[in-house]
Amino acid sequence: MTAKQRVIALMFFGHPLVAAEPAVDDGRKVFAACAACHAPDQPTRTGPDLRGVFGRKAGTAPGFRFSRALQHAKIVWNEATLDAFLAEPQAALPGNTMPYPGLPDAAQRGLLIAYLKTLK
């Protein structure tokens, strides 16, 4: 099963058809581009702590100063909201200050989201 097929299985069935570890490993590789600002093992860097991001209201991670756009967003991070934000951050939430143009590849976003789910 390809990485794209694993992502589709996760998106449509809510669980992988095979063990999720390869998707998580592939997602960790995609995350390397995020590591300049986000560290999975540190509370904050240039960007906020992403541990526990799933189910958290946007702009509320402790110890980070968020843009007004994120502070006032009525978003709870889940697969759909993260997918839209990661695709085009400025289109999804105008006025946020994340200096990232977005990740246009849906399969890579799915892998990244699978990895982010593991950060507790």
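Predicted model: local features only at pLDDT ≥ 70, side-chain atom pairs only at ≥ 80, totals over all residues.
Me: Which residues of α6 are buried?

Reply: Buried means under 20% relative accessible area, exposed over 50%, and partly exposed in between, with a 1.4 Å probe and protein chains only. In α6 the buried residues are Arg109, Gly110, Leu111, Leu112, Ile113, Ala114, Tyr115 and Leu116. For the protein of 120 residues, the buried part is 37%.

Me: What caps the N-terminal end of α6?

Reply: A polar contact is a pair of N or O atoms within 3.5 Å; within protein, one must be able to donate a hydrogen and the other to accept it, and residues adjacent in sequence count only if both atoms are side-chain atoms. Here the cap is Asp105, with a side-chain oxygen 2.9 Å from the backbone nitrogen of Ala107.

Me: How many aromatic pairs are there?

Reply: A pair of aromatic rings is described by the distance of the centres and the angle of the planes. Rings of Phe, Tyr and Trp (its six-membered ring) pair if their centres lie within 6.5 Å; planes under 30 degrees apart count as stacked, over 60 as edge-to-face and the rest as tilted. The count is three aromatic pairs. In one of them, Phe31 and Tyr115, the centres are 5.2 Å apart and the planes stand at 55°, so the pair is tilted. This pair links distant parts of the chain, since Phe31 sits in helix α2 (residues 21-31) and Tyr115 in helix α6, 84 residues apart. Phe31 is buried at 4% relative accessible area, and Tyr115 is buried at 6%. Phe64 and Phe66 form an edge-to-face pair, 4.8 Å centre to centre with 70° between the planes. Phe64 is partly exposed at 24%, whereas Phe66 is buried at 11%.

Me: How many disulfides are there?

Reply: A disulfide is a covalent bond between the sulfur atoms of two cysteines. The rule asks for a pair of cysteine sulfur atoms within 2.5 Å, and the count is zero. The closest cysteine sulfur to that of Cys34 is in Cys37, 8.7 Å away, which is too far for a bond. Cys34 is buried at 17% relative accessibility; Cys37 is partly exposed at 24%.

Me: Where is Lys74, and is the residue buried or exposed?

Reply: Lys74 lies in the loop between α3 (68-71) and α4. With a relative accessible area of 83%, Lys74 is exposed. Lys74 and Ala58 are 16 residues apart in sequence, and their C-alpha atoms are 7.2 Å apart in space.

Me: How many helices and strands does the protein have?

Reply: The protein has six helices and zero strands. Along the sequence the pattern reads α-α-α-α-α-α.

Definitions and conventions:
Residues numbered from 1 in each chain as written. Heavy atoms only, no water. Helix = DSSP H or I, 4+ residues; strand = E, 2+ residues; numbered from the N terminus.
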